[in-house]
Amino acid sequence: MASNRTTSWIALTSALALAAILTASASAGGNATLRVAKSPLGRILVDSKGITLYDFPPDKHGMSVCYGACAALWPPLLTSGKPVAGPGVHASLLGTAKRKDGKVQVTYGGHPLYYFVSDRKPGQTTGQGLNQFGAPWWVISTAGKEIHRG
Amino acid sequence: MASAPTHATRIALRPLSVSPLETATRYLGAASILMVGGIHAQQYYDAYFNSVPTIGTLFLLSFVGAAIVGGVLIAPVRQLGTIGDLALAAAALGAIGIAVGTFVSLLISEYTPLFGFMESGYRLAVVLTLVFDVVTTVLLGAFLLFVGPRAIRSLR
């Protein structure tokens, strides 16, 4: 009886651990692909699904300073391998940076890239110019420059 | 000359004697749910969660709800006698509902997006909220064991 209970607990714990691992690997998202999208702000960087990417000016030397609540609202663009440059994206500007938790974040022109939690659909740029966590957030041009409009 | 209070009035308005344990669970539970609400308010106003659709609104509702139930738990509603017990029991149930709802939602959002939002690890605000959720549930659950039977009797 006790043995059955122990087995059940082990099975439950293993299932939860497996679910956590699968979720974690799913959130890493494989090799991140960057694309270019036309927007009212100009030609900007987006991910493979067309979701807008942003830059945070306080990040220095390609290293992110956005953690905690900041990373919850501005999730980093993560990759589990070498990021892929889609049409119009300069592969030479693509790079990666390791975050404190060991995850790998995609950079472009030395800027770590982020999503904004309110952007749910392709074409949305609701984070543009928002002053949060100490500085305004900007979309990025294909040249790797911040676009300070909108 | 004022007429003497009826038997029913005396019962309804008589302040009840309560044990120190009941008093402790009530006020510590109230403080705990107010902490949960306070953290949500801080996240809403200071950590920019007011810009997050749905989740931001839920944070605000959690703060308002926690303030209401915490306020009732702290208010001198015992002066109302058995009616006060009903109010305290309802407030305790509401606080436990908020705490359990917050706890479950937080854990879900740690592993998968909830209303399009996913937490970024167990940051301080998350850990504190989870701790106060558990403390609230335990303390006010114990408090309900005291006040619940009296509240139910008053309904009969």
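Predicted model: local features only at pLDDT ≥ 70, side-chain atom pairs only at ≥ 80, totals over all residues.

User: Leaving aside its neighbours within four places in sequence, which residues is A:Pro136 in contact with?

Analyst: Once the neighbours within four places in sequence are set aside, A:Pro136 is in contact with A:Gly129, A:Leu130 and A:Asn131. The residue belongs to strand E9 (residues 135–136) of chain A. As for A:Gln105, A:Pro136 is 31 residues from it in sequence and 20 Å from it in space, C-alpha to C-alpha.

User: Does A:Pro136 count as buried, exposed or partly exposed, and why?

Analyst: Counting neighbours settles that. A:Pro136 has 15 C-beta neighbours inside 10 Å, so it counts as partly exposed. By contrast, strand E6 (residues 104–108) of chain A is mostly covered, with four of its five residues buried.

User: Let's stay with E6(A). Which strands does E6(A) pair with, and in what sense?

Analyst: A general idea to carry along: side chains in a regular strand alternate between the two faces of the sheet. Here, E6(A) pairs with strand E5 (residues 94–98) of chain A in the antiparallel sense, over five bridges. In that pair A:Lys98 stands opposite A:Val104 of E6(A). E6(A) also pairs with strand E7 (residues 111–114) of chain A, again antiparallel, over two bridges. There, A:Thr107 stands opposite A:Pro112 of E7(A).

User: Which residues take a positive phi in these hairpins?

Analyst: There is a glycine to look at in each. The hairpin of E5(A) and E6(A) has five residues between the strands, and A:Gly102 takes a positive phi near 95 degrees. In the hairpin of E6(A) and E7(A), with two residues between the strands, A:Gly109 takes a positive phi near 60 degrees.

User: What is the strand order in the open sheet of three strands, and which strands stand at the edges?

Analyst: The order is E2-E1-E4 in chain A, and the pairing is mixed. Strand E2 (42–47) and strand E4 (84–85) of chain A are at the edges; each has a single partner strand, so one side of each has no neighbour in the sheet. Strand E1 (residues 33–39) of chain A pairs with E2(A) in the antiparallel sense over six bridges, and A:Val36 has A:Leu45 in E2(A) as its bridge partner.

User: Now to chain B. How many helices and strands are there in chain B?

Analyst: Chain B has five helices and zero strands, giving the pattern α-α-α-α-α along the sequence. It has 156 residues, of which 35% count as buried.

User: How do the axes of helix H2 and helix H4 of chain B cross?

Analyst: Two packed helices are described by the angle between their axes and by the distance between those axes. The axes of helix H2 (residues 20–45) and helix H4 (residues 82–111) of chain B come within 11 Å and cross at roughly 40 degrees. That makes H2(B) oblique to H4(B), and the crossing is left-handed. Residues making the contact include B:Ile33 and B:Val36 of H2(B), and B:Ala95 and B:Ile98 of H4(B). By class, the residues of this contact are seven nonpolar, two polar and one charged.

User: Finally, how many residues does the contact take from chain A and from chain B?

Analyst: Chain A gives 14 residues and chain B gives 15 residues. On the side of chain A that touches chain B, H2(A) gives the most, with four residues. That side has eight nonpolar, four polar and two charged residues.

Methods:
Residues numbered from 1 in each chain as written. Chains lettered and ligands numbered in written order. Contact = placed C-beta atoms within 7 Å. Nonpolar A, V, L, I, M, F, W, Y, C, P; charged D, E, K, R; others polar. Buried ≥ 20, exposed ≤ 12 C-beta atoms within 10 Å, placed from the backbone. Pairing = 2+ DSSP bridges. Axes fitted to C-alpha atoms, helices over the stretch in contact; angles between N-to-C directions. Parallel < 35°, antiparallel > 145°, perpendicular 65-115°, else oblique. Left-handed = near helix turned anticlockwise from the far one by under 90°.
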